[in-house]
Amino acid sequence: MKKVNVIVVIGAGSIGQAIARRVGAGNHILLADLYQENNETAAKVLSEAGFVVSTTIVDVSSRKSVQDLVETATAIGGVTGLIHAAGVSPSQASPVTIFKVDLYGTALILEEFGHVIEDGGSGVVIASQSGHRLPSLTPEQDKALATTPTEELLSLPFLQSDAVDSSLFAYQLSKRGNLLRVKAEAVRWGKRGARINTISPGIIITPLANDELNGPRGEGYRKMLAISPAGRAGTPDEVGVVGALLMGRDGAFITGSYFLMDGGVTSAYWYGELAPKPE
């Protein structure tokens, strides 16, 4: 009997689907989202395109829920791929929720799937350009975000409400934490013969991005796009190309790395017209 290889897609949105379409052929795609409606919409598109798909519910901020997801995936076959594209944006949630979902949730996913990823397997975490918007943290803070045990992560002093004054700052810290966590987890995943990397997209036209473009910071985001070297937003398919590289055999020497793809917005932020003006 032929072995079933499972690609787990957490977050059934546009970016997760775009990567799955490029790496999912011949594999079983397990879509996991907080909302079954999202699962069903994505499953219909993928199954009608010839992919083998099943769905399940997951709350990435719950260890029990993530463990249930791992059990569901391993009951189908060997987990050879992980695409983690779930999260909330600054316009959607409070700092507490952002830390719980985007920071803790990502650490939890990496930990639990790091126990079962198959030899030769690979994964990609979708972070954000926002993680590159912060000044450098201290070496101690970097190490804490990278290596603090998952259940202690949200207790770090510099993540508390008296130190984090906005949802945007919480999001930036969470996404910086994702990059650092992947670097650290690459060591553990490597001991299983597996790889893990992260992509930091800029503004990619998805429902989440549209929330931002039409939210309280929308004017700033539109200016950001206009001034950026690329002069436009990105598409999920462009992220899908990079995701497929990182997960496939052509990316076999890449692990513990992050790829910033934002049309040059971060360059403009630090060195161009978007750079903060000196006080």
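The legends below describe close-up views of a predicted model. Numbering starts from 1 along each chain as its sequence is written, and side-chain values use heavy atoms, with hydrogens and water left out.

View 1. Helix α3 spans residues 63-76; helices (H or I, at least four residues) and strands (E, at least two) are DSSP runs numbered from the N terminus. Its 14 residues reach 20 Å from the first C-alpha to the last, close to the 20 Å expected at 1.5 Å a residue, the expected span being 1.5 Å times one less than the number of residues. Arg63, Ser65, Val66, Leu69, Val70 and Ala73 are the buried residues of α3 (buried, under 20% relative accessible area; exposed, over 50%; partly exposed, in between; 1.4 Å probe, protein chains only). They lie on the same side of α3 because they cover an arc of only 165° around the axis, taken from the directions from the helix axis to the C-beta atoms. The face turned away from this buried side carries the exposed residues Lys64, Glu71 and Ala75.

**View 2. Packing of α3 against α4.** The two helices pack at an angle of about 35° with their axes 10 Å apart; axes are lines fitted to C-alpha atoms, for helices over the stretch in contact, and angles run from 0 to 180 degrees between N-to-C directions. On the α3 side the contact (heavy atoms within 4.5 Å) is made by Arg63, Val66, Gln67, Leu69 and Val70. From α4 come Tyr104, Leu108, Ile109, Glu111, Glu112 and Phe113. The buried residues of α3 also pack against β1 (5-10), β2 (28-33), β3 (52-57) and β4 (78-84).

View 3. Among the residues touched by Val8 are Leu30, Leu69, Val79 and Phe113, not counting residues up to four places away in sequence.

**View 4. Ala209 in helix α7.** Ala209 is placed in α7 (residues 207-213) and counts as buried because its relative accessibility is 9%. Ala209 touches Ile203 and Ile204, not counting residues up to four places away in sequence. The C-alpha atoms of Ala209 and Ala233 are separated by 9.6 Å, and the two residues are 24 residues apart along the chain.

Notes:
This is a predicted model: local features need pLDDT of at least 70, side-chain atom pairs count only at pLDDT 80 or more; totals for chains, interfaces and linings use all residues.
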